[in-house]
Amino acid sequence: MEEITKKYWKDYQKEIADDNFYYERSCIRQSFFPGSEAAFLKILREILGKNVIDDPNQHTCTGIGYHSDIVPFDTTMTVVARIFSLMKDHGVNNFIPSCVTSFGIFNEVVETWNHFPEEYEKTKHFLKQATGRDFEIPQNISHASDIIYKYRKELKEKMPYRLVNRHTGKPLRVVEHIGCHYSKLFAKKSEGGMEFSKVLVGMIEEWGGEVVDYPERRHCCGFGFRQYIVMANRGYSVANTKKKFESMQPYKPDFIVANCPGCAMFMDRWQYTIAEMEGTTYDDNKMGIPVLTYEEMAGFLLGFNPWDLGLQLHQVQVEPLLDKIGIPYDPKDKYVGKSGNFLGEPEKPENLITVYGK
Amino acid sequence: MGKFYDLLMQDVRFVEGLNACMNCGVCTAICPAAEIYKYDPRQICDIVQSRNEEKIKELLLTDTIWYCGQCMSCKARCPRGNTPGLIISVLRKISQETGLFTNSEKGRQQFAIKRTVGENILNTGYCVHIDIVNPKLHPEQGPVWKWYYENKEEIADRLGANYNKDGSGALRKIPQQNLDEVKKIFEVTGGLDLFNKIEKYSESAAKSMNIYFEKEGINNEYFFQTYMENSGKHEN
Ligand code: SF4
Ligand code: SF4
Ligand code: SF4
């Protein structure tokens, strides 16, 4: 019995590569959280000393178009093959997507090639015909968060801060959202599987926090591709997020951390929308629950300047959380741009309380 | 075998996505779309499995197949390893290829997606890009987003991006040769064909609905019709 259990868990242990990576940027993360991608590269290169290719030639995997069904699967498979071919140009073979949607796409495509060799041959032919290129399947595909998870202990040693409330000495209570396409498509591609995925839990617990378990923990954030892209459908998206918030509220989380850039954005923006539409917030102070990317969480614990990480791009303000941990920040620096000039402040929402320009 | 079932069987995702559904309804229990919309993935599996051509055609014609949010929770839970979400994708593909999608309100929305995400992929190499998330079309993004949008180069570049410039980095300008090759891939693999079909069938739908249509861009009545129309008859 013990052997069987061991074997079962072995299936859910994932191999994560340790160097020589090709970083595939995410359209959503670049647009909404560019500071997170910069922080990831800084952590890998400057703190962990890894070799990571950041190729200017890379492009969309078509993921959002594919899941909203305007891009056929043959096209997506061949676009993915082109990205793998770009990786080959650089002589590395460990692939790191920054987006959960693309992580799902790359895995779906590679699994299809493995199960249906004729699809693989077809894609090779299409890519050659269209571009004259050849490609190889990466040796390893790990989501960017998998790498941070793998090195969580090493990073902890460099962190001046912990996920602990400095006033009470208690661990912060953290909601983790791993994102549907990280683990629901191929549970075995996620360490710990779908239910017990360790990717964010491992970081949170290692760095001093406590994970909140709540009934709708694995419910979709509500993106739904066409259900958000088309304005008429957005009720679907907000209704799903609302369901999650109502379910987590009684556990009084200090913040939410998301694996997927889309989820991080939706859970932040829908809190604003719900507050403005019906006056509801899911915390006690009418300020909302801060939603972070895992790069932001790692970044501020490592002592990066919160305003270089991009925490000012969240609609739900993060200062109360920084204050709880004891992370210093300069309020005057928050709305300053690349040129060093003050850019003015965002308008204030009617219901959601903000601490702009404190 | 019938015409529509044959078309389904030609897609590797259909072969992968459906193996002897036992109608247990677990997928429906977990499905976020079923909770909100008049939608039942178990029933979809039942219909395609029955090979009933009339009923399959009905699916291709109506709003039903457009309700799924592609979260793939069904894949994770189905005791038979089926993926109703993949079956939906194949049905959507056939609905667009045959032009049947323009018969339903939710189906017609494919035009709005093609004109935004689709054009963006070919023109910029990004499927979503800060430049297209205009606060006017996205009030739900809130005032911080508006502030960011209005100062995007200053802010993004402070955060380490390389907004719209040559070289590597977030939001860089993607060199033209890559866009040319991606476009060529769309040509060779049927991606452009699908775009053209969405255009062609949408144009004739606009005509029969008597709504103003333009060959390009989003500044026309048919775009806004498909982007915003909501009869309110979809929810449970
Ligand atoms: S936004 Fe959330 S639900 Fe959507 S693809 Fe990303 S992880 Fe899945
Ligand atoms: S869960 Fe699987 S077997 Fe059960 S109804 Fe859905 S597709 Fe069929
Ligand atoms: S992929 Fe579609 S059918 Fe499957 S659970 Fe998600 S919304 Fe429901």
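Across the interface of chain A and chain B, the rule finds 52 residue pairs in polar contact, both residues at pLDDT 80 or more. A polar contact here is a pair of N or O atoms within 3.5 Å; within protein, one must be able to donate a hydrogen and the other to accept it, and residues adjacent in sequence count only if both atoms are side-chain atoms.

Please note that this is a predicted model: local features need pLDDT of at least 70, side-chain atom pairs count only at pLDDT 80 or more, and totals for chains, interfaces and linings use all residues. Residues are numbered from 1 along each chain as its sequence is written, chains are lettered from A and ligands numbered from 1 in the order in which they are written, and side-chain values use heavy atoms, with hydrogens and water left out.

The rule also finds 8 salt bridges across this interface, each a side-chain nitrogen of Lys or Arg within 4 Å of a carboxyl oxygen of Asp or Glu. A:Arg133 forms a salt bridge with B:Glu181, and their closest N and O atoms are 2.9 Å apart.

How many residues does each chain bring to the contact? Chain A gives 97 and chain B gives 88, where contact means heavy atoms within 4.5 Å.

I turn to the buried area, that is, the accessible area (1.4 Å probe) that two parts lose on being put together, summed over both. Between chain A and chain B this area is about 7,600 Å², with 60% given by carbon and sulfur atoms. Of the area that chain A buries against chain B, A:Asp69, A:Ile70 and A:Arg226 supply 10%, more than any other three residues.
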